[in-house]
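Reader: I have a chain open and want to go through it with you. Can we start with a pairing detail and work outward?

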Amino acid sequence: MTYTVYDDIITIKLIQEACKVLDVSMEAILKLFGDYFFKFCKMSGYDRMLRTLGGNLTEFIENLDALHSYLALSYQEMNAPSFRVEGGADGVMLLHYYSDRSGLCHIVPGIIEAVAKDFFDTDVAMSILDMNEEVERTGKKEHVVFLVVQKAHRRMRRTKANRTQDSKDIQTDKEALKTSLLRKKETDLSSSVCPGGKSHWDVRASVMSGKGSLGNTFQPIYPERLWVEEEVFCNAFPFHLVFDETLRVKQAGVNIQKYVPGLLTQKFGMDEYFSIIHPQVTFSISSICKFINSQFVLKTRREMMPKAWKSQPTLKLRGQMIWMDSLQCMIFMCSPKLCSLQELEESKMHLSDIAPHDTTRDLILLNQQRLAEMELSRQLEMKKEELRILSKHLAIEKKKTETLLYAMLPEHVANQLKEGRKVAAGEFETCTILFSDVVTFTNICAACEPIQIVNMLNAMYSKFDRLTNVHEVYKVETIGDAYMVVGGVPVPVESHAQRVANFALGMRISAEEVMNPVTGEPIQIRVGIHTGPVLAGVVGDKMPRYCLFGDTVNTASRMESHGLPDKVHLSPTAYRALENKGFEIVKRGEIEVKGKGKMTTYFLIQNLNATEDEIMGRPTVLTHQKASDEATPAGSPAAGQDSRDAVNDQPSPDPTKTSFLASDSVPSVFCAVL
């Protein structure tokens, strides 16, 4: 259900597009829409309400205006049509349709036919007799007259000859009704009130001149005289009006006199005190007689009220018009049109002003309860929307938190910790570890301000962090100027050595873009790489870290500390892992390594199969597509793409300077002797 009001222009455009797609006429589309709209109303909870409108199709249609008046409480922008029925024998009737919305009258046959078939087990045939614009109406000027012919299902089983005769009879009735309609229009134009000449009821009688008999045989009994006193009547029905052909007020209920002063004492007509809100017709006896079966709503004219009352809302009266032929007067039995206690208070009225038998009392109280429930529902919807927005913001913050967490720990490890599980240490048979540091970092720190050191390290580590994503290596830790990454951990891959080697070459290029705050020249770094087995796991409860343990960590650190500026120093096992993989490597020779003795080490020069742009992960224009993965050089950054797994990089480094490398000792966070 929706309370949104859509312009009829949108509706017409949709219908026109449907006509083009389905290749059917607009009348057919509107009729199908009417049929569906009736089913939609039933599915939306109005089934019981619709079924109780009337015992037959005529009563159902006559009470549609009252239903629209009730629904207007919820759908205040609703612009509903108005209906009037002139009944006839053998299920033949004239249906008058009035609306401000032109072009939609063909919806009516779809609705009426669906109602007749579903509620009254009757087949209905409808056709348009006349379409015009009502001059004497103040609104809903489009006037369409439908001929409605009803045929019960049980009477449909006839021979072909009988059906042919029925169709002839229907056509004859249709022509007779059309003639009667034209005669009625001429009569209406020539007469101003019902009592003069041919009355409204005479016209209806002419419509009812078809074959058959009335189905209802009930005959009411009326008293010879009215057994009620005038005073009692005016108090029992405090809201009623009696006026004659000239609209002079003859009688009024006590409360109408109370809230419309001077109604009986002044020599003014009804049309000077009131205006007709519904149906939208001019204030005359003839117009009222045409819609005698409709619900009428009158509103007091503000200019006729006392000056002290002109600031309060005008009084609206809703009720039924009844013509009294013997008195040549019209009686309006009505009640105040009030929907809530707020409207009651604004009108300066009380529940005691409404007669105890008047259901308006119940309507006000029930609607007040309904308004309270709607307000509660509105508040719940607001809270629901607030919760939805908070939930959306929470999801965004959760994403940020997860991004930060995955930057500190591998994703699968972080997920295990979030679930409250212990993370078991894992042994990796082979991986490649890299250490790097800044040459003469201690001297730089001594000659610069702390903020300069922080800016330098941040610029350098930001470039290194980007490279970890390019070459898919895992950043383990940064302490001061020391930077540690590993390939093959926590996700084992065969190309771990090539990935770390390419990362090291990228580090060396990136370092040329970071300036020494003391000399203004590019900084120099030393890089050491070693390949071997490690044990990896999470240590600590507060700020837990994913750490590597084993002699491989110690040896990689020694390669870095025994390296040379702007050189990538390789251990023998790292050399064997990169041998014949497309890298240019030169032998350094045998050197003394603290704690390891003599070792033959090597320097990594370049990747023979990758350009600098590829090493740095810069976007390049490809001139051709490589034939297959086998054609990819083993030592290039693209090698090993089949074993790629997501490995997140880590947060920015701790700028605190430590001198563990200067003293050739390795901190416990990097290495533990097994």
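Reader: Which residue in β9 is the bridge partner of leucine 298?
Author: Leucine 317 is the partner of leucine 298 in β9. Bear in mind that this is a predicted model.

Reader: How many bridges join β8 to β9, and in which sense do they run, parallel or antiparallel?
Author: Five bridges, and the two strands run antiparallel. β8 covers residues 295-300 and β9 covers residues 316-324.

Reader: And what about β7 with β8, how many bridges there?
Author: Four, again in the antiparallel sense. Isoleucine 276 has leucine 298 as its bridge partner in β8. Leucine 298 is also bridged to leucine 317 in β9.

Reader: Is the bond from histidine 278 to proline 279 cis or trans?
Author: It is cis, with omega near -10°. Most peptide bonds are trans.

Reader: Switching to α5. How many of its residues are buried?
Author: 10 of 13, so α5 is largely enclosed by the rest of the structure. Among the buried ones are Ile107, Val108, Ile112, Val115 and Phe119. Glu113 is on that list too.

Reader: What span should α5 have, and what does the model give?
Author: At 1.5 Å a residue, the 13 residues should span 18 Å. The end C-alpha atoms are 18 Å apart, so the two agree.

Reader: Which residue with a positive phi follows α5?
Author: Aspartate 121, with phi near 50°. Aspartate 121 sits in the loop between α5 (107-119) and β3 (122-133). Most residues other than glycine have a negative phi.

Reader: Is aspartate 121 buried, partly exposed or exposed?
Author: Partly exposed, because its relative accessibility is 45%.

Reader: What is phi at glutamate 472, and where does that residue lie?
Author: Phi is near 55°, a positive value in a residue other than glycine. Glutamate 472 lies in the loop between α16 (450-471) and β12 (474-479).

Reader: On to serine 347. Buried or exposed?
Author: Buried, because its relative accessibility is 9%. Serine 347 lies in the loop between α12 (341-346) and α13 (360-408).

Reader: What does serine 347 touch?
Author: Tyr259, Gln312 and Leu338, leaving aside residues up to four places away in sequence.

Reader: Why does methionine 43 count as exposed?
Author: Because its relative accessibility is 63%, and the cut-off for exposed is over 50%.

Reader: Last, the whole chain. How many helices and strands?
Author: 20 helices and 18 strands. Buried residues make up 43% of the 674 residues.

Reader: What share of the contacts joins residues at least 24 apart?
Author: 64%, counted among contacts between residues at least 6 apart in sequence.

Reader: How much accessible surface does the chain have?
Author: About 36800 Å², with 54% of that belonging to carbon and sulfur atoms.

Terms used:
Residues are numbered from 1 along each chain as its sequence is written. This is a predicted model: local features need pLDDT of at least 70, side-chain atom pairs count only at pLDDT 80 or more; totals for chains, interfaces and linings use all residues. Side-chain values use heavy atoms; hydrogens and water are left out. Buried means under 20% relative accessible area, exposed over 50%, partly exposed in between (1.4 Å probe, protein chains only). Contact means heavy atoms within 4.5 Å. Accessible areas come from the Shrake-Rupley method with a 1.4 Å probe; for residues, only the protein chains shown count as cover. Two strands pair if DSSP finds at least two bridges between them. The expected span of a helix is 1.5 Å times one less than its number of residues.
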